[in-house]
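Subject: Handover of a protein model

Dear colleague,

Please find below the sequence and the structure that I am handing over to you. A description of what was found follows, arranged by topic.

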Amino acid sequence: MTEAVRKLGIMGGTFDPIHFGHLVTAEAARKEFGLERVLFLPSGTPPHKNPQGVSDAEHRYMMTVLATLSNPYFDVSRVDIDREGISYTVDTLRILREQYGDDTELYFITGADAILEIMRWKSSDELLQLAQFIGATRPGFELDSIPPETKAWLDQYPDRVHMIKVPALAISSTDIRERVRSGNSIRYLVPEPVEHYIRRNGLYK
Ligand code: ATP
Ligand code: MG
């Protein structure tokens, strides 16, 4: 078992690259739910993305470390990166549950768009037992637009699934990669050390 943490936030993502949308969301969730720590988990081989199109895990890991260094509440885990094959959220949560023990409440933080995919994930019932879920609204996503059957499903778990509003940050990794490719500025969209790392390593060209 690792250190004793009562409330642990978990922010999963491809982080290709990590940007201020991720960081603002994690910080908002930390404050709102009194999380003692937020663990960033760069994915190994992401289940929903073409593996060929995703940057090397070590680059994504390094950028995540650089971006979170200045926040004493933020940490980065290699759990998904060091595992072979596709990392399903349910497997990741099982490992973290094992590492931290039963006294730690796990809060899985995701964009609200992604939380709706919970229904499509394998073992959603087990997921909800393992962790609570915090869905952050992001630009272009309207809570009103949730399909009624999804809404009904979410309403069954009012104490396991929560929604928070974060300042509207229309930042996405896709847009950042596109900007780099076309020679546009990514300043103020990602932390400065991440910007330097991307340039130094010639990523997204
Ligand atoms: P891509 O454009 O490659 O899909 P992304 O910007 O969505 O990248 P991911 O690494 O896929 O970044 O996202 C990790 C998590 O952060 C997901 O749960 C996603 O919903 C959430 N997220 C991404 N961007 C934002 C944002 N601007 N505000 C709030 N949450 C975000
Ligand atoms: Mg995404």
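**Salt bridges**

Arg 94 is partly exposed, as its relative accessible area is 38%. Please keep in mind from the start that this is a predicted model. The partner of Arg 94 in a salt bridge is Asp 91, and the closest N and O atoms of the two are 3.0 Å apart. Asp 91 has a relative accessible area of 24% and is also partly exposed, because this class covers the values between 20% and 50%. Both Arg 94 and Asp 91 belong to helix α3, where three residues, or about one turn of the helix, separate them.

Elsewhere, Glu 58, Arg 78 and Asp 82 are joined into one network by salt bridges that share partners. Arg 78 counts as partly exposed at 26% relative accessibility, and Glu 58 counts as partly exposed at 38%.

How many salt bridges does a search of the whole structure find? The search finds 11. One of them joins Arg 37 and Asp 75, with 3.3 Å between the closest N and O atoms. This pair links distant parts of the chain, since Arg 37 is in strand β2 and Asp 75 is in strand β3, 38 residues apart. Arg 37 is partly exposed, with 22% relative accessible area; Asp 75 is partly exposed as well, with 30%.

**The sheet and the helices that pack on it**

The model contains an open sheet of six strands, whose order is β3-β2-β1-β4-β5-β6 and whose pairing is parallel. Which strands stand at the edges of the sheet? They are β3 (74–76) and β6 (161–165); each has a single partner strand, so one side of each is left without a neighbour in the sheet. On average, and ignoring direction, neighbouring strands are turned by 30° against each other.

Two helices that pack on the sheet deserve a description. Helix α1 (residues 20–33) touches β1 (7–13), β2 (37–42), β3, β4 (105–111), β5 and β6, and its direction makes about 120° with that of β6. Helix α3 (residues 89–100) also packs on the sheet, where it touches β1, β2, β4 and β5; the direction of α3 makes about 150° with that of β4.

Some of the strand pairs can be followed residue by residue. Strand β4 is mostly covered, as five of its seven residues are buried. Strands β1 and β4 run parallel and are joined by five bridges, and the bridge partner of Ile 10 is Phe 108 in β4. Five bridges also join β4 to β5, again in parallel, and here Phe 108 stands opposite Phe 133 in β5. Strand β5 (residues 132–137) in turn pairs with β6 in the parallel sense over five bridges, with His 162 in β6 as the bridge partner of Ile 134. When you look at these strands, please recall a general rule: in a regular strand the side chains alternate between the two faces of the sheet.

**A buried arginine**

Arg 60 is part of helix α2 (residues 57–68). Is Arg 60 buried or exposed? Arg 60 is buried, yet has no salt bridge. The nearest side chain of opposite charge belongs to Asp 16, 5.1 Å away, and this pair does not count as a salt bridge because the cut-off is 4 Å. A polar atom of the Arg 60 side chain does, however, lie 2.8 Å from the backbone oxygen of Thr 14. Leaving aside neighbours within four places in sequence, the residues in contact with Arg 60 are Thr 14, Phe 15, Asp 16, Pro 42, Ser 43, Gly 44, Val 54 and Ser 55.

**An exposed lysine**

Lys 205 lies in the segment after α8 (192–200). Why is Lys 205 classed as exposed? Its relative accessible area is 73%, and a residue is called exposed because its value is over 50%. Arg 179 is 26 residues away from Lys 205 along the chain, and the C-alpha atoms of the two are separated by 9.7 Å.

Yours sincerely,

A colleague

Conventions
Residues numbered from 1 in each chain as written. Chains lettered and ligands numbered in written order. Predicted model: local features only at pLDDT ≥ 70, side-chain atom pairs only at ≥ 80, totals over all residues. Heavy atoms only, no water. Pairing = 2+ DSSP bridges. Helix = DSSP H or I, 4+ residues; strand = E, 2+ residues; numbered from the N terminus. Axes fitted to C-alpha atoms, helices over the stretch in contact; angles between N-to-C directions. Contact = heavy atoms within 4.5 Å. Buried < 20%, exposed > 50% of the residue type's maximum accessible area, 1.4 Å probe, protein only. Lys, Arg positive; Asp, Glu negative; His and termini not counted. Polar contact = N/O pair within 3.5 Å; in protein donor to acceptor, adjacent residues only side chain to side chain.
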